[in-house]
Amino acid sequence: MSEPLHGDNMTTEDWLAWAGADAVRRGLPELKPLLEALADAQRRLRAADWNEDAAGRGADAGRPDAARPGEPGEPEARP
Amino acid sequence: MTVPLHFYAITELAPLIAAGHVSSVDLTTACLAEIEAHNDALRAFITVTAEEALAQARERDAEIAAGRCRGPLHGIPVSLKDLIDQRGVATTAASRVRDGHIAAIDAPVTARLREAGAVFVGKTNLHEFAFGTTSDDSAYGAVRNPHDQTRSPGGSSGGSAVAILTGMSVASIGTDTGGSIRIPSAACGAVGLKPTYGELPVDGVVPLSRSLDHVGPLARCVADAWLMYLVMRGTPPAAGASWADARRVSGLRLGVVRPYVHDILDDEVRGRFAQSLAWLRQAGAKTVDVAIPHAADTASIYLHTSLPEAAAYHAASVEAHPERYTPNVRLRIEMGRYVLAEDYARAERGREVLRAEVDRALAEVDALVLPTLPIPAPKIGAPTVEVSGKTESVRNLMLRLTQIFNLTGHPAISIPCGSTQDGLPCGFQIVGRRHDTEALLAVAAACEPCVVA
């Protein structure tokens with residue numbers, strides 16, 4: 001992993017481009033489809049409503065009284 | 001037709017051995033003969049410790065003759081998944097990476113089984129380093145399902161399930177990081193228990209993902225799994241004592257997890273599960289639908305937890321000797337090296353959410369129930385399978401209904417609930433409250449006679 005992550009915001013697309021290029025550089029091109037699958041999982045993970053945010057969003061997910069996804073009161077749409 | 005003694009349950013054998021009516025040498029010899037006859041085809045064992053097993057069996061028989069019985073496990077032939085250390089024997093993890101390794105001491109679970117009188121017949125085959133669900137990526141060849149040898153027995157503890165099904169051992173010890181005890185149990189028609197996380201020591205067991213790894217038994221019935229669990233926990237029952245105190249089915253409250261779980265199910269698996277529920281209701285159990293709202297996030301959380309933890313363990317070996325790994329397992333390890341720390345942290349938070357939601361689902365019921373596998377045993381080497389007209393990844397499906405309870409740490413057990421028209425077993429999974437594995441076992445023992453077709 002000699003190349004730094006590139007892109008301005010460390011998005012999943014930035015990560016995937018870097019990881020895929022690094023895998024090819026290391027002689028592992030067959031890793032690319034697996035990394036694409038991992039990118040799908042990463043997108044879902046990052047979009048999850050439990051993720052806390054310094055602005056105060058998401059801190060309630062998982063609490064016993066938290067709203068369930070798809071129920072009234074859900075703060076954001078889920079992927 | 002008479003069932004040979006080495007196909008009996010431990011609960012049936014224990015009083016016969018204690019009374020001197022059945023000898024451990026005869027039982028062990030019969031198991032070794034099954035291994036000799038069928039292991040070339042089924043590849044259930046990597047190492048067979050025939051001489052040591054017969055020596056142990058002779059010692060156990062001598063003890064009985066002298067009036068000493070160690071307990072219900074006295075003289076019972078048992079196998080160990082080849083991730084678990086047995087002193088003086090190689091722990092291969094089904095990998096060439098471990099060539100030359102010999103365990104210096106027993107893992108604590110091995111030592112406890114030994115002290116309880118178990119006879120070790122050998123080390124069972126598995127998916128290399130337990131890093132897969134089909135037991136086909138093994139340096140010692142793909143394990144085959146006895147019900148249909150073109151099919152996988154499930155994994156990663158595939159050899160253990162095959163061993164107890166075919167009389168090669170009476171019980172076996174496996175490990176479960178995403179379902180590796182419950183998956184092969186379901187695919188082969190055995191009982192497989194994953195206790196609460198942390199209850200059984202994993203020292204002396206090759207890790208896959210330390211925060212998800214569990215040790216547990218595969219057995220022929222719930223009572224046998226219960227016994228093995230108690231012995232490995234360090235609280236073995238005394239000789240002649242009872243240990244499997246089943247609940248009454250009447251009045252049991254079972255939570256049926258439908259959203260997510262029933263979204264992708266093979267039609268015959270769905271049918272077997274529905275029939276099992278009907279029989280339980282007929283026997284007096286009450287069923288209510290419950291939900292785990294974030295269950296659909298399980299796979300993304302699991303990947304971002306298990307992959308980097310596995311990569312950390314394998315980093316040095318995969319750099320030094322990548323050619324010693326099977327290609328698929330090597331790629332999965334490499335995949336883990338690209339997971340970012342911030343995503344691992346997100347997954348940790350997701351685990352807390354899932355744990356709270358499973359706790360909540362269990363709040364008003366005695367246990368959760370769901371199929372163990374959404375499909376019957378897949379063809380060996382098949383990357384995908386058709387379910388309801390859609391092509392699905394075999395690996396994703398195999399883990400789909402089990403891995404969530406590795407993330408949350410809840411105890412879970414798979415018991416057989418009949419077979420498909422092609423004779424492939426289906427599994428009925430029951431999930432209990434954390435830190436109360438015995439309550440789960442009591443529920444499972446109650447359900448067992450109702451769901452076994």
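Helices, in the sense used here, are DSSP runs of H or I with at least four residues, and strands are runs of E with at least two. Counted in that way, chain A of this predicted model holds two helices and zero strands. Of the 79 residues of chain A, 20% count as buried, and among its contacts between residues at least 6 apart in sequence, 26% join residues at least 24 apart.

The buried residues begin with B:Gly158, B:Gly159 and B:Ser160 and continue through B:Ala161, B:Val162, B:Ala163, B:Ile164 and B:Leu165. After helix 5 of chain B comes B:Gly167, which has a positive phi, near 80°.

The crossing of helix 7 of chain B with helix 14 of chain B is left-handed. On the side of helix 7 of chain B, the contact is made by B:Val222, B:Ala223, B:Trp226 and B:Tyr229, which meet B:Thr437, B:Leu441, B:Ala444, B:Ala445 and B:Glu448 of helix 14 of chain B. Sorted by class, this contact between helix 7 and helix 14 of chain B comprises seven nonpolar residues, one polar residue and one charged residue. As a general point, an α-helix has 3.6 residues a turn, so residues three or four places apart point the same way.

Notes:
Residues are numbered from 1 along each chain as its sequence is written. Chains are lettered from A and ligands numbered from 1 in the order in which they are written. This is a predicted model: local features need pLDDT of at least 70, side-chain atom pairs count only at pLDDT 80 or more; totals for chains, interfaces and linings use all residues. A residue is buried if 20 or more other C-beta atoms lie within 10 Å of its own, exposed if 12 or fewer, and partly exposed in between; C-beta atoms are placed from the backbone. A crossing is left-handed if the near helix is turned anticlockwise from the far one by less than a right angle, and right-handed if clockwise. Two residues are in contact if their C-beta atoms, placed from the backbone, lie within 7 Å. Ala, Val, Leu, Ile, Met, Phe, Trp, Tyr, Cys and Pro count as nonpolar, Asp, Glu, Lys and Arg as charged, and the others, Gly among them, as polar.
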